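Here's a quick look at a ligand and the protein around it. Have the viewer open as you read.

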Amino acid sequence: MTDRKLRIGITCYPTYGGSGVIATEIGMGMAKRGHRVHFICSDVPRRLDRFTENIFFHEVETHEYPLFPFPHYDLALASKMVEVATYEKLDLLHVHYAVPHATSAYLARQILGRGAPKIITTLHGTDITLVGHERGYLPITRFSITQSTAVTAPSMFLKHATYDKLNVPTDFPIEVIPNFVDTSVFKPIEGPSQKFLKHCAACKEKEPVLTHISNFRPVKRVEDVVRVFEIVQREIPCGLVFVGDGPTRYNAEALVRELGLEQRVCFLGKQESIAEVLQGSTVFLLPSKNESFGLAALEAMSCGVPVVASKAEGLPEVVLHGETGFLSEVGDVSDMAANVLRLLREPALYRKLSHAGRKLAVEKYEFEKLMTRYEEYYFQVLGL
Ligand code: GMT
């Protein structure tokens, strides 16, 4: 492998969400390896430590004008990509989430002409399964994906969904590179952290803690989390912790009140210390309707926390049923609750799944291993 240092542009949504986390971690991982990384985003991504060697940030600013019905983010992004690529001499642009990032990158490449950077588009999930597949976006999403120099997806599920739902020709290569986790941060600890117990009044020492982390969008089915918890706590006293925020948090809070569970449920909102929360958890719940990968489930497994989830989309590739967690049909809250109860009642089974989850995270999804995979892929795409 060449030891050439690259100039990489990265675009992602800077908000609380898996695609932004993955993009940011890749950028920081590459910077640590000596590549110069330029983030081109509407805001500083949440996990980006900006004052770091080889990391640069370029803000995409949209402008209001009385004639414009909406600010033109996609055009402003394409212009910023052109500017950064020109003056920083980028070798490649790695864009995360196809809509509209792959389209802006295509436009930038057309403007730049000869010598333009190569484009790698990483698909993440709803850019294919929900948004990109909508009639209004489908032709432009399919076009922009197939115009990228190379395309990656985090799961086999998403690769095939791109062929099936977007009608991308099956001879167009899509490289499956799984998401990853920093196993030195997301690691098991002995007993729940005191800080965690203090923070969540709903959680009592020596009682199990069920946890859900997400952006509370309808696909996450957060009300199912409450319903599973309601069944479990009737049999075994336990607490429930929610991390994150979003449009369906209101529904989850209302259901908690309706079921009289306020004393046993804690909504922490958006938190930076995800590892600390997971280290204090007993079981992680992810009953999503759509989930191309399920990064939070991997982070839980890395902390030795078994996952009880739905069989949706890419989740069975990450959570191995009966080995690192249990999977049920989407919406089958009774089966999910039965699986949580099994884990809480059978310590030997719990330990087996907890160890297997940690082992899988370390062996298959460890951060540096996947950084090497991306780095090699970058060189391959650039023909180096
Ligand atoms: O596609 C989305 O819904 C957004 C994206 C995000 O930014 O959170 O989530 C997707 O990408 C993550 C990182 O690759 C995956 O872990 C999530 O499973 C995936 N979400 C869905 O497919 C719903």
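What follows covers the model, its domains and the ligand site.

## Ground rules

This is a predicted model, where local features need pLDDT of at least 70, side-chain atom pairs count only at pLDDT 80 or more, and totals for chains, interfaces and linings use all residues. Residues are numbered from 1 along each chain as its sequence is written, and side-chain values use heavy atoms, with hydrogens and water left out.

## Two domains

The chain splits into domain 1 (7-180 + 366-382) and domain 2 (194-364), with bounds taken from an automatic or database domain assignment. Their contact involves 22 residues of domain 1 and 24 residues of domain 2, contact being heavy atoms within 4.5 Å. Between the C-alpha centres of domain 1 and domain 2 there are 30 Å.

## Around the ligand

So who's next to the ligand? Its surroundings comprise 15 residues, with Gly-18, Ser-19, His-124, Thr-126 and Glu-291 the closest; a residue gets in if one of its heavy atoms lies within 4 Å. Both domain 1 and domain 2 supply at least three residues to this shell. Sorted by class, the shell holds three nonpolar, ten polar and two charged residues. Here Ala, Val, Leu, Ile, Met, Phe, Trp, Tyr, Cys and Pro are nonpolar, Asp, Glu, Lys and Arg are charged, and the others, Gly among them, are polar.

## Polar contacts

Polar contacts are pairs of N or O atoms within 3.5 Å. Ser-19 puts a polar side-chain atom 2.6 Å from a ligand oxygen. For Asn-179, a side-chain N or O atom is 2.9 Å from an oxygen of the ligand, while Leu-295 uses a polar backbone atom, 3.0 Å from a ligand oxygen.

Conventions
A polar contact is a pair of N or O atoms within 3.5 Å; within protein, one must be able to donate a hydrogen and the other to accept it, and residues adjacent in sequence count only if both atoms are side-chain atoms.
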